[in-house]
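Please consult the sequence and the structure shown below alongside the text.

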Amino acid sequence: MKHKVTFLPQNATVEVESGETILEAALTADIELEHNCGGNCCCTTCHVIVREGEAHLSALEEEETDRLEECAELAATSRLGCQVKIRGDVMIEIPERDPFRLDGLDELENFGEELLRPD
Ligand code: FES
């Protein structure tokens, strides 16, 4: 079964199979949605705000909730595009990002430093 996903501010609509993520839908539609950790719930660069159809999305899991708390532009209907699965028609806003904010990258950098640091 296919569902319509409309992305704002582009106002572009794409049809996707049930169960695909918002990130997958964005990539299908050639919509730029950052995904610095590769869709592994380790950053917040895929943050989106659900404008319509919240009930047509998979439920928030604990891991996604924890990660969303790190998101600077958190809204009542914020989700991580790589974690949320589409079950019906939805309208999704991709919020504008502060180009100077690292958005989870510092955590990844620290992880790399730990690997390099001798005990
Ligand atoms: S791409 Fe990193 S949390 Fe979604």
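In which loop is Cys41 found? Cys41 is found in the loop between α1 and β3; helices (H or I, at least four residues) and strands (E, at least two) are DSSP runs, numbered from the N terminus. The model is predicted: local features need pLDDT of at least 70, side-chain atom pairs count only at pLDDT 80 or more, and totals for chains, interfaces and linings use all residues. Residue numbers start from 1 along each chain as its sequence is written.

**Sheet**
- An open sheet of mixed pairing is formed by 5 strands in the order β2-β1-β5-β3-β4, where two strands pair if DSSP finds at least two bridges between them.
- Because β2 (12–17) and β4 (78–80) stand at the edges with a single partner strand each, one side of each has no neighbour in the sheet.
- Strands β1 (residues 2–8) and β5 (residues 90–93) run parallel and are joined by 4 bridges.
- Phe7 stands opposite Ile92 in β5.

**Backbone geometry**
- Most residues other than glycine have a negative phi, and most peptide bonds are trans.
- Leu8 and Pro9 are joined by a cis peptide bond, with omega about 5°; Pro9 lies in the loop between β1 and β2.
- Asp30, in the loop between α1 (22–28) and β3 (47–52), has a positive phi near 60°.
- Cys41 is not a glycine, yet its phi is positive, about 60°.

**Exposure**
- Asp30 is exposed, with 9 other C-beta atoms within 10 Å.
- Cys41 counts as partly exposed, with 16 C-beta neighbours inside 10 Å.
- A residue is buried if 20 or more other C-beta atoms lie within 10 Å of its own, exposed if 12 or fewer, and partly exposed in between, with C-beta atoms placed from the backbone.
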